Amino acid sequence: MNRSVWLNRFAIALAICVCPLVFVGAGVTSKGAGMAFPDWPTSNGHLVNPPGWLRVDHQLWEHSHRLLGWTVGLLAIATLMLSWREQRAREFLRDFSARRSLVGWALATLVAICIQGVLGGLRVRMVSTPLALVHGVWGQVCLSLAVLLAVLSAPGWSAGNDRCANESSIVPPRLGLATVAMILLQLIAGAVLRHTGHGLAWHLVGALSVACMIGWVSTWVLSDPASRPVIRHLARALGVLVLLQLMLGIGAYVVTSVRGPTGARLDWLLPSVHVLVGALLLALSSATTSGLYASQRDRSATKLEAVTA
């Protein structure tokens, strides 16, 4: 088995492991367990197993979040090492843009994860709500970087659509970029609402805007014969996820506002899943946008070859 396959498998494992990290982190916020331990990087003075942490709900969530963070960090280091082995040092230094530089993407992902860990630690040490807000949003950015690395390292990612050269239609990459920006703003608005209780109106407006943007991009991609197959799969996934996210948002609002017999059990679960799906929307929209730019480059290269032939 060649190194490219192993690199892609580690990148996929990294992206998968960031998902429970985001979910558990959201659960920590939903349960108010962010200060279960007053110290960092240790937990009550212990790095791995603080006494009694499995029996206390808040400590279980907070320490599990920290253990997942260590696991993700180690996977990110391993992925960076594999990417460096595949793309040798002199190739990396000569052409940083090769395959969008897997080394560069792996390094960016590792740095982002390290920053996330430091933000979490500072949030505990400084007992800071603003840092908790930034920590939550940055975790979703980390997931996007991990997913992008997994997509870009896939052996079939560079395969374009043979019909691209013969089709005049292509989805504008800037539309995808605008969608990514809109989702990021919506995630920030959601984090403000979760941590401060303010900004519900802005969050609702943002939800409708994001749904419209994703619907627009997905419809355009699926109706465009020049779209790469992988981008079409991502567009379908985005359409399904945005519908799920809208339903989760309604459910999260109900259980956190009403807090009846059902809400008492779900007031942490639905908001946490809502956060995770929001992070996945950001990640998949980023991957889709990357694919749109790649398709645009393929089409430009094909036109140049036709002119110079």
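Helices here are DSSP runs of H or I with at least four residues, numbered from the N terminus. This is a predicted model, in which local features need pLDDT of at least 70 and side-chain atom pairs count only at pLDDT 80 or more. Residues are numbered from 1 along each chain, and side-chain values use heavy atoms.

**The α6 and α7 pair**
- The axes of α6 (residues 173-196) and α7 (residues 200-223) come within 9 Å and cross at roughly 155 degrees; axes are lines fitted to C-alpha atoms over the stretch in contact, with angles from 0 to 180 degrees between N-to-C directions.
- The two helices are therefore roughly antiparallel, a label for angles over 145 degrees.
- Residues of α6 including L175, M182 and L193 meet residues of α7 including L200, W202 and W220, where contact means heavy atoms within 4.5 Å.

**The nonpolar cores**
- The largest nonpolar core has 57 residues, of which L14, V18, L143, V147, I183, I214 and L281 touch the most other members.
- Such a core is a set of buried Ala, Val, Leu, Ile, Met, Phe, Trp, Tyr and Cys residues joined through side-chain atoms within 4.5 Å, buried being under 20% relative accessible area with a 1.4 Å probe, protein chains only.
- Helix α1 gives the most to this core, with 12 residues.
- L14 touches V72, L75, A76, T79, T109, I113 and A146, leaving aside residues up to four places away in sequence.

Conventions. Angles under 35 degrees count as roughly parallel, over 145 as roughly antiparallel, 65 to 115 as roughly perpendicular and the rest as oblique. Buried means under 20% relative accessible area, exposed over 50%, partly exposed in between (1.4 Å probe, protein chains only).
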